[in-house]
Amino acid sequence: MLKKQSALLKKGGKTVKKIGSKLSPNTKHLPDHHFKLVKVKRGLSGLGLFAQEPIKKGELIIEYIGNILNKEEAAKKITCQYLFEINPNKTIDGTPRWNIARYCNHACEDAANAESDIKKGRVFIKAIKNIKEGEEIVYDYGEEFVEEHIAPHGCKCIGCNVRKVLDHKS
Ligand SMILES: [Zn+2]
């Protein structure tokens, strides 16, 4: 059983939100779910997550947190875009706005500068390239998600936009 936990989210040193819902387990070992300074703002494809300081390759940026769902609960929310399946019996529903990591947009593999990393039942967004201050943080959501939610409208990530321009020229 998960205990209800309460924590304060800090953003740029200022407390912005109080969390009274279930978080991923073991959060008490971390002072915060932010490891790096990030900011939500409008980017090329709607709201995105932007680095507010340089981030080195391999560093953890943010944890993907949310309400923990079991198999049955997750099955009821199958169309929700923010579900992150850890294993068949545990899914993180990252819909709440206090899950800042949900603003991290998709980019196809070659254009991604981060990746999602599952460690001990928790999900972290980790840099796979050096990220400059002000750069948008993007990671590959994976084939299944792309096929279901992105491909029908056409991918608008940085990598695909560059490819479109190149195709047009050739
Ligand atoms: Zn793409």
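Me: Where is lysine 120 found?

Reply: Strands are DSSP runs of E, at least two residues long, numbered from the N terminus. Lysine 120 lies in the loop between β10 (114-119) and β11 (122-127). This is a predicted model, where local features need pLDDT of at least 70, side-chain atom pairs count only at pLDDT 80 or more, and totals for chains, interfaces and linings use all residues. Residues are numbered from 1 along each chain as its sequence is written.

Me: Is lysine 120 buried or exposed?

Reply: Buried means 20 or more other C-beta atoms within 10 Å of a residue's own; exposed means 12 or fewer; partly exposed is in between; C-beta atoms are placed from the backbone. Lysine 120 counts as exposed because it has 8 C-beta neighbours inside 10 Å. Lysine 120 also has a positive phi of about 50°, although it is not a glycine.

Me: Which residues of the largest nonpolar core touch the most other members?

Reply: In soluble globular proteins, nonpolar side chains tend to be buried together. A nonpolar core is a set of buried Ala, Val, Leu, Ile, Met, Phe, Trp, Tyr and Cys residues joined through C-beta atoms within 7 Å. Here the largest has 27 residues, and Val38, Ile61, Cys104, Ala114, Ile125, Ile137 and Val138 touch the most other members. β4 (46-51), β5 (60-64), β11 and β12 (138-139) each supply at least two residues of this core.

Me: What is the strand order in the open sheet?

Reply: Two strands pair if DSSP finds at least two bridges between them. The open sheet of three strands runs β6-β8-β7, with antiparallel pairing. β6 (67-69) and β7 (83-87) each have a single partner strand, so one side of each lacks a neighbour in the sheet. Three bridges join β6 to β8 (residues 90-93). Leucine 69 has threonine 91 in β8 as its bridge partner.

Conventions:
Helix = DSSP H or I, 4+ residues; strand = E, 2+ residues; numbered from the N terminus.
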